[in-house]
Amino acid sequence: MPRLALRALKLSYFRSHRAAHLQLDARPVALYGANGAGKTNILEAVSLLSPGRGLRRATPADMARAPERIGWKVAAEMESLVDLHEVATSAQGDASRLVEIDGKPAPQVALGRIARITWLVPAMDRLWTEGAAERRRFLDRLVLGFDPSHAEAVLGYEKAMRERNRLLRDQSRDAGWYAALEGQMADHGARITAARLACLDRLAAAQGGARTAFPAADLTLLDGDVPATAPATDDLAQALAASRPADLRAGRTLVGPHRADLRAIYAAKGIEARNASTGEQKALLVSLVLASARALAEDFGAPPILLLDEVAAHLDEARRAALFDEICALGAQAWMTGTGPELFDALGDRASYVEVSEADGLSHLEQKGMP
Ligand SMILES: Nc1ncnc2c1ncn2[C@@H]1O[C@H](COP(=O)(O)OP(=O)(O)OP(=O)(O)O)[C@@H](O)[C@H]1O
């Protein structure tokens with residue numbers, strides 16, 4: 001069966017890990033150990049094998065191990081469908097992180113073509129009650145699974161918007177310059193909205209039903225207070241041009257997909273996700289991530305690598321067992337963390353296990369029962 005999985009992972013001077021090495025098969029990986037042992041740091045390292053800032057959205061400098069603070073590196077052997085790739089990412093000081101694929105420098109977005117990586121972290125527990133920016137990021141991460149070029153569209157859009165916002169702050173009246181930037185924003189922006197809407201369609205089709213024990217959410221992409229529709233590039237360019245006077249007063253761009261929001265209704269109860277219980281909200285997120293994994297398995301040929309930080313402990317026993325069963329049925333390499341091995345009892349030998357411990361400021365990994 002074609003699959004996506006890390007077959008080896010090596011960290012040097014990354015966060016609490018001075019030198020860590022894991023040799024893996026394609027099974028899920030259960031990491032357990034005390035608080036602060038360095039489990040999330042490992043998930044963060046894996047998340048950096050996809051485009052973007054990783055699951056903590058930290059700066060490269062923050063990831064450099066203290067006290068040494070020298071350059072860090074994350075290297076992996078990535079099984080990607082029928083190929084095996086050497087991928088690595090590293091950074092020195094404040095410089096942005098570099099990527100190498102099969103020994104050659106590559107742009108970050110190229111990572112998206114080799115590996116699809118999706119995550120759930122405790123910070124997302126407040127996703128439905130926080131600001132729209134978090135929900136957009138969550139959605140864009142799911143979109144990226146279906147469409148790696150989404151990263152380029154988002155970066156391109158943001159770059160043009162930053163330029164346009166600079167003109168607005170400077171109170172520039174250079175109509176030609178505005179029009180050029182608005183043209184770029186409209187090109188990227190129309191693609192961004194279309195990709196987000198397509199992703200929501202795929203998620204709607206892959207949620208709920210007999211395949212899952214997790215609740216379904218009715219999802220809507222919002223543009224302000226109204227459901228977003230896929231805009232024509234010209235319409236978006238015109239809307240941006242029309243917004244110039246108001247944008248000049250505000251000193252920033254007031255229309256466009258950077259203001260989109262994601263609305264979720266907890267379908268079984270017909271309530272807004274933000275009004276569901278903490279456990280229900282968590283289950284909704286798990287449901288969306290599993291739905292995206294199922295849809296992606298059909299589109300791409302393999303489910304994404306899943307990083308599920310402290311998810312197991314927050315689910316009741318029945319849901320936890322259901323999560324493990326669904327991950328295994330999908331064939332996804334899910335990296336899961338928890339404070340003790342008993343959280344993963346229901347997984348049995350369907351996963352590989354790593355005990356993470358910390359002593360004298362050094363994290364230590366011990367693989368259990370590996371091939
Ligand atoms: N740049 C760094 N250099 C050295 N140590 C770091 C750095 N950044 C974070 N740490 C340390 O890493 C540890 C946190 O690791 P991590 O978040 O992976 O823990 P965890 O095992 O997931 O714990 P928990 O169960 O509490 O979530 C902390 O002890 C923190 O001090």
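This briefing walks through a predicted model, from its domains down to single residues. Because it is a prediction, local features need pLDDT of at least 70 and side-chain atom pairs count only at pLDDT 80 or more, while totals for chains, interfaces and linings use all residues. Residues are numbered from 1 along each chain as its sequence is written. The chain splits into domain 1 (1–116 + 304–371) and domain 2 (129–277), with bounds that come from an automatic or database domain assignment.

**How the two domains meet**

- Taken over C-alpha atoms, the centres of domain 1 and domain 2 sit 29 Å apart.
- Ten residues of domain 1 are in contact with seven residues of domain 2; "in contact" here says that two C-beta atoms, placed from the backbone, lie within 7 Å.
- On the side of domain 1 that touches domain 2, helix H3 (111–114) and helix H10 (317–330) each supply at least two residues.
- H10 gives the most to that side, with three residues.
- Helices (H or I, at least four residues) and strands (E, at least two) are DSSP runs, numbered from the N terminus.
- Sorted by class, that side of domain 1 has four nonpolar, two polar and four charged residues.
- For those classes, Ala, Val, Leu, Ile, Met, Phe, Trp, Tyr, Cys and Pro count as nonpolar, Asp, Glu, Lys and Arg as charged, and the others, Gly among them, as polar.

**A look at helix H10**

- At 1.5 Å a residue, the 14 residues of H10 should span 20 Å, and its end C-alpha atoms are 20 Å apart, which agrees; the expected span is 1.5 Å times one less than the number of residues.
- Which residues of H10 are buried? They are Arg320, Leu323, Phe324, Glu326, Ile327 and Leu330.
- Seen down the axis of H10, these buried residues fall within an arc of 165°, so they line one face of the helix; the arc is that of the directions from the helix axis to the C-beta atoms.
- Glu317, Ala318 and Ala329, on the other side of H10, are exposed.
- The buried residues of H10 pack against helix H9 (278–300) and strand E14 (334–338).
- Just after H10 comes Gly331, with a positive phi of about 80°.

- In helix H7 (residues 233–242), the buried residues are Leu236, Ala237 and Leu240.
- Looking down the axis of H7, you'd find its buried residues within an arc of 100°, so they line one face of the helix.
- Those buried residues pack against H6, while Asp234 and Ala242, on the other side of H7, are exposed.

- Most residues other than glycine have a negative phi, and most peptide bonds are trans.
- Ala66 and Pro67 are joined by a cis peptide bond, with omega about 5°; Pro67 is found in the loop between helix H2 (60–63) and strand E4 (72–81).
- Gln171 isn't a glycine, but has a positive phi of about 55°. Where is Gln171 found? Look in the loop between helix H5 (150–169) and helix H6 (175–206).
- Gln171 is exposed, with 9 other C-beta atoms within 10 Å.
- Asp360 isn't a glycine either, and has a positive phi of about 50°. It lies in the loop between strand E15 (352–359) and strand E16 (362–368), and counts as exposed with 5 C-beta neighbours inside 10 Å.

**Around the ligand**

- There are 17 residues around the ligand, and Ser16, Asn35, Lys39, Thr40 and Asn41 come nearest; a residue is near if its C-beta atom, placed from the backbone, lies within 6 Å.
- Helix H1 (residues 39–47) brings the largest share of this shell, three residues.
- By class, the shell has five nonpolar, nine polar and three charged residues.

- Leu98 is found in strand E6 (residues 98–101) and counts as partly exposed, with 17 C-beta neighbours inside 10 Å.
- Not counting residues up to four places away in sequence, Leu98 touches Thr89, Ser90, Ala91 and Pro105.
- Phe138, in helix H4 (residues 132–146), is buried, with 20 other C-beta atoms within 10 Å.
- Leaving aside neighbours within four places in sequence, Phe138 is in contact with Met124 and Leu127.

Note on methods
A residue is buried if 20 or more other C-beta atoms lie within 10 Å of its own, exposed if 12 or fewer, and partly exposed in between; C-beta atoms are placed from the backbone.
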